[in-house]
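I opened this notebook to record what I looked up in the structure. The entries follow in the order in which I made them.

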Amino acid sequence: MKEISFAAGELLLAVAWVLIRVICWIRKGRIDWKREAALMLMYINLAVIIRFAFYPFSKVNGQVQPLVFDPDSVFPLRINLIPFRYLLEYSSRRDLLINIAGNFGMFVPSGIVLPVICRKPDNFGKTAAAGFLLSLCIETAQLPFAVRATDIDDLILNTLGVMTGYGIYRLVKGKKKR
């Protein structure tokens, strides 16, 4: 059994991010600070998504619980492909609302930032598809971890969050033009 602490996971993400950005700066021969600011917003959004998607929500002694990889408990894979199957089985309305708001809300910033940082997702369909693929990558990456589950509800709510974020982006962009 292997454990990855939250701090180690975020440090790994930060190091990878910095290395990628430095390589990009070297290749381009310059730094576009406006673009870097938008990319930093996406990095922060990804760091928050990773925190809540991979590390258990509960804390013990004020510490975020580690991500546990136990090869013996990987199978059977925990996958729910039936929409809203488990959403209706929450023990309390509060837990249900936290799940819905969390999965939805974490991806709203992605829908705002993706069209800013990418030339391709410049319309609703492309941004929704990019958000769906981002969510699918995260849900798939959760498969080998014992305490995580891959759920179609998360994929649906994450994608709706991205679509809402894109709507906010278009609304703000439309007001700027006026």
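I began with the term on which several entries rest: a residue counts as buried under 20% relative accessible area, as exposed over 50%, and as partly exposed in between. I also noted that this is a predicted model.

**Entry: a surface patch.** I looked for nonpolar side chains on the surface and found a patch formed by Met40, Leu41, Ile44, Val48, Phe52, Phe57 and Ile98. Together these residues have about 620 Å² of accessible area.

I took Ile44, a residue of helix α2, as one member to check. Its relative accessibility is 43%, so Ile44 counts as partly exposed.

**Entry: the core.** I turned to the largest nonpolar core, which has 22 residues. I recorded that Met42, Phe54, Phe107, Ile117 and Ile138 touch the most other members. Helices α1 (6-28), α2, α4 and α5 each supply at least two residues of this core. The most comes from α2, with eight residues.

For Met42 I listed the contacts, leaving aside neighbours within four places in sequence. The partners of Met42 are Ser110, Val113, Leu114, Ile117 and Leu134.

**Entry: helix α4.** I asked how many of the ten residues of helix α4 (residues 108-117) are buried. Seven are, and I recorded the helix as mostly covered. The buried residues of α4 are Val108, Ser110, Gly111, Val113, Leu114, Pro115 and Ile117. Among them, Ser110, Val113, Leu114 and Ile117 are also contacts of Met42.

**Entry: Glu139.** I looked up Glu139, which lies in helix α5 (residues 124-141). Is Glu139 buried or exposed? Its relative accessibility is 3%, and Glu139 therefore counts as buried. Not counting residues up to four places away in sequence, Glu139 touches Ala149, Thr150, Asp151, Asp154 and Asn158.

**Entry: a backbone angle.** I checked Phe84, which I located in the loop between β5 (79-80) and α3 (93-105). The phi of Phe84 is near 65 degrees, a positive value in a residue other than glycine. I set this beside the general rule that most residues other than glycine have a negative phi. At 42% relative accessibility, Phe84 counts as partly exposed.

Terms used. Residues numbered from 1 in each chain as written. Predicted model: local features only at pLDDT ≥ 70, side-chain atom pairs only at ≥ 80, totals over all residues. Heavy atoms only, no water. Patch = residues over 30% accessible without salt bridge, like charges linked within 9 Å, V, L, I, M, F, W, Y side chains within 5 Å. Areas by Shrake-Rupley, 256 points an atom, 1.4 Å probe, with all protein chains shown as cover. Salt bridge = Lys/Arg side-chain N within 4 Å of Asp/Glu carboxyl O. Helix = DSSP H or I, 4+ residues; strand = E, 2+ residues; numbered from the N terminus. Buried < 20%, exposed > 50% of the residue type's maximum accessible area, 1.4 Å probe, protein only. Contact = heavy atoms within 4.5 Å. Core = buried A, V, L, I, M, F, W, Y, C linked by side-chain atoms within 4.5 Å.
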